Amino acid sequence: MTPARPAIPVRPAAPAPPVTPARPAAPARPAARRALRRLPLNTVAVLVFVLAVFPVYWMVLTAFRPTRDIQSETPGFLPVSVTLEHFRHAVAADGFWIFWRNSLLVTAGCVLLALVVALAAAFAVARMRWRGRRAFLLMVFIAQMAPWEALLIPMYVIARDAGLLDRLVTLSLIYFMITLPFTVVTLRSFLAGVPAELEEAAQVDGCTRAAAFRRVTLPLLAPGLLATSLFGFITAWNEFAFANMLIIKNQDDRTLPVWLSSFSNVFGTDWGATMAASTLFALPVLVLFLVLQGRVAAGMTGGAVKG
């Protein structure tokens, strides 16, 4: 008879480690709290936007309103009825197309002249090393900071003594002088951001210095050229003080802003037609900005950080 095997002692199971409660995860900052912190800044931004856009909105709204709604004692902020009669009166008014042409000629002359001169000056400052270069840049910055209103009387005296009153070319030259410092500074920053080695490589391939600049560097300056062109266009297109002071006798040489200031009929100021003409006056700048918006933004930021 086989003896029974002794029972194998069973080890008692190790006690389970005490379960520690899991630490609650750090709560992420709720979006509501972030929005609450941004509320004052967003409120200020909305107020600034409304203050900037409301005059333009009121101009366009008045241009499309009938005369009875414009002269109503209770102003409405939404259009009840729409009419194009004011636009027909503005376009058919005496001198509208003449003054439109004058503004376009003065603006185009100012922009083209500023681009040509500023491009040459910016190239000399960015690509060449010559004595007095920093002093020249300092003078350009000082000229850019000078207020335009301080130049009214000197420009009138110079134009009177030189026999240049009542001439559109005088306005183009003055607007060119006003926009030139900004154009030089912006284009100089862009030229400084374009490596000179690109032009040198083109010269090695057989291009002259002028051909290398025209074929290699100039296409890269397109955003800066567009940004400065738009700035010059807006400046010359909207300017009123010099045009009102220098064009005195020859009324047909006035620009559109001066003509708008005297837009009236036999009953006084025709606000509907005035706002319609102002809307048409602002339309070219708006269309130009919308078309060139992307390149202008690139030109502004690129000219600000390069150089």
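A pocket is an open set of grid points with protein on both sides within 12 Å along at least five of seven lines, and its lining residues have an atom within 4 Å of a point. The model examined here is predicted.

The largest pocket has a volume of about 220 Å³. Its lining consists of Val56, Met59, Val60, Asn238, Thr279, Ala282, Leu283, Val285, Leu286 and Phe289. Of these residues, 8 are nonpolar and 2 are polar. No charged residue takes part in the lining. Two helices, α1 (31–64) and α13 (271–291), each supply at least two lining residues. The largest share, 6 residues, comes from α13.

Helix α10 spans residues 222–238. Its 17 residues reach 24 Å from the first C-alpha to the last. This is close to the 24 Å expected at 1.5 Å a residue. The helix is mostly covered, with 12 of its 17 residues buried. Among the buried residues are Pro223, Gly224, Leu225, Thr228, Phe233 and Trp237.

One of these buried residues, Thr228, is in contact with Thr183. Thr183 lies in helix α7, which covers residues 168–193. Is Thr183 buried or exposed? Its relative accessible area is 2%. Buried means under 20%, so Thr183 counts as buried. Beyond its neighbours within four places in sequence, Thr183 is also in contact with Ala114, Leu115 and Ala118.

Notes:
Residues are numbered from 1 along each chain as its sequence is written. This is a predicted model: local features need pLDDT of at least 70, side-chain atom pairs count only at pLDDT 80 or more; totals for chains, interfaces and linings use all residues. Side-chain values use heavy atoms; hydrogens and water are left out. On a 1 Å grid over the protein atoms alone, a cavity is a set of points where a 1.4 Å probe fits but cannot get out, and a pocket is an open set with protein on both sides within 12 Å along at least five of seven lines; lining residues have an atom within 4 Å of a point. Grid points are joined across faces, edges and corners, and a volume is the space filled by probe spheres set on the points. Helices (H or I, at least four residues) and strands (E, at least two) are DSSP runs, numbered from the N terminus. Ala, Val, Leu, Ile, Met, Phe, Trp, Tyr, Cys and Pro count as nonpolar, Asp, Glu, Lys and Arg as charged, and the others, Gly among them, as polar. The expected span of a helix is 1.5 Å times one less than its number of residues. Buried means under 20% relative accessible area, exposed over 50%, partly exposed in between (1.4 Å probe, protein chains only). Contact means heavy atoms within 4.5 Å.
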